[in-house]
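Subject: Structure handover

Hello,

Please read them next to the coordinates.

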Amino acid sequence: DYNTQSETGRLQIWTRGLKYAQDRPLLGVGILGFEVADHLMAPQAATDPRWFGKSAHNSLLQATVESGYPGGLLFLATFLTAIYRMWRLRRRLTGSPSPHDRNNAVLADLIISAILVYLVGGFFLSQAYGPMPVTLIAMAAGLELSRLRQPPTHPRRGLTIG
């Protein structure tokens, strides 16, 4: 299998990426620098002048190598925080008599699902800085902020208080 046996397969790229992260744990190699680092630091670069750097093929590894361990943890924590906050919002809205609240609970579920799908797909793609992660986090933040601006409702009758 290409991904397990080739020097340009995913497992070899991930192994080299982990080495790059260990070599520069605090600041990484720089944003969008994985391919440059692979071009300059891979063992193949010393023996093959035609060697080109490969992309990370993993969004978390890309973020970690390019921005260091703190950046990789922040990247992952952003998604985990968004999932947790959407889950908490969904729990709070489920069972509400208000159709608006029920719709927002469904929207929170959809945002959680979209984030999980991105994380699974991002395990095999270098998409750490694409538009999708920013969009997903913005959608989660927007839904939560829209709920904070609404007046609270009476838990049993769906009446606005205040």
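A helix here is a DSSP run of H or I with at least four residues, and helices are numbered from the N terminus. Met139 lies in one of these, helix α7. Note that the model is predicted.

Met139 has a relative accessibility of 39%, so it counts as partly exposed. Its C-alpha is 7.3 Å from that of Ile111 in space, while 28 residues separate Met139 and Ile111 in sequence.

Helix packing

Helix α7 spans residues 131–148 and packs against helix α5, residues 59–93, at an angle of about 35°. The two axes are 10 Å apart, and the crossing of α5 past α7 is left-handed. On the α5 side, the residues in contact are Thr78, Phe79, Ala82, Arg85, Met86, Arg88, Leu89 and Leu93. They meet Pro133, Ile137, Ala140, Leu143, Glu144 and Arg147 of α7. Sorted by class, this contact consists of nine nonpolar, four charged and one polar residue.

Cores

The largest nonpolar core contains 18 residues. Phe75, Met86, Ile111, Ile115 and Leu143 have the most contacts inside it. At least two residues of this core come from each of α5, α6 (99–122) and α7, and α5 gives the most, with eight. Leu143 touches Met86, Leu89, Asn104, Leu107, Ala108 and Ile111, if residues up to four places away in sequence are left out.

Helix α3

Which residues of helix α3 are buried? In this helix, residues 34–41, they are Phe34, Ala37 and Asp38. An α-helix has 3.6 residues a turn, so residues three or four places apart point the same way. The cover over the buried residues of α3 includes α2 (10–23) and α5.

Asp38 may be worth a look in the viewer. Its relative accessibility is 0%, and buried means under 20%, so Asp38 counts as buried. Leaving out residues up to four places away in sequence, Asp38 touches Arg16, Tyr20, Trp51, Gly53 and Lys54.

Regards

Notes:
Residues are numbered from 1 along each chain as its sequence is written. This is a predicted model: local features need pLDDT of at least 70, side-chain atom pairs count only at pLDDT 80 or more; totals for chains, interfaces and linings use all residues. Side-chain values use heavy atoms; hydrogens and water are left out. Axes are lines fitted to C-alpha atoms, for helices over the stretch in contact, and angles run from 0 to 180 degrees between N-to-C directions. A crossing is left-handed if the near helix is turned anticlockwise from the far one by less than a right angle, and right-handed if clockwise. Contact means heavy atoms within 4.5 Å. Ala, Val, Leu, Ile, Met, Phe, Trp, Tyr, Cys and Pro count as nonpolar, Asp, Glu, Lys and Arg as charged, and the others, Gly among them, as polar. A nonpolar core is a set of buried Ala, Val, Leu, Ile, Met, Phe, Trp, Tyr and Cys residues joined through side-chain atoms within 4.5 Å. Buried means under 20% relative accessible area, exposed over 50%, partly exposed in between (1.4 Å probe, protein chains only).
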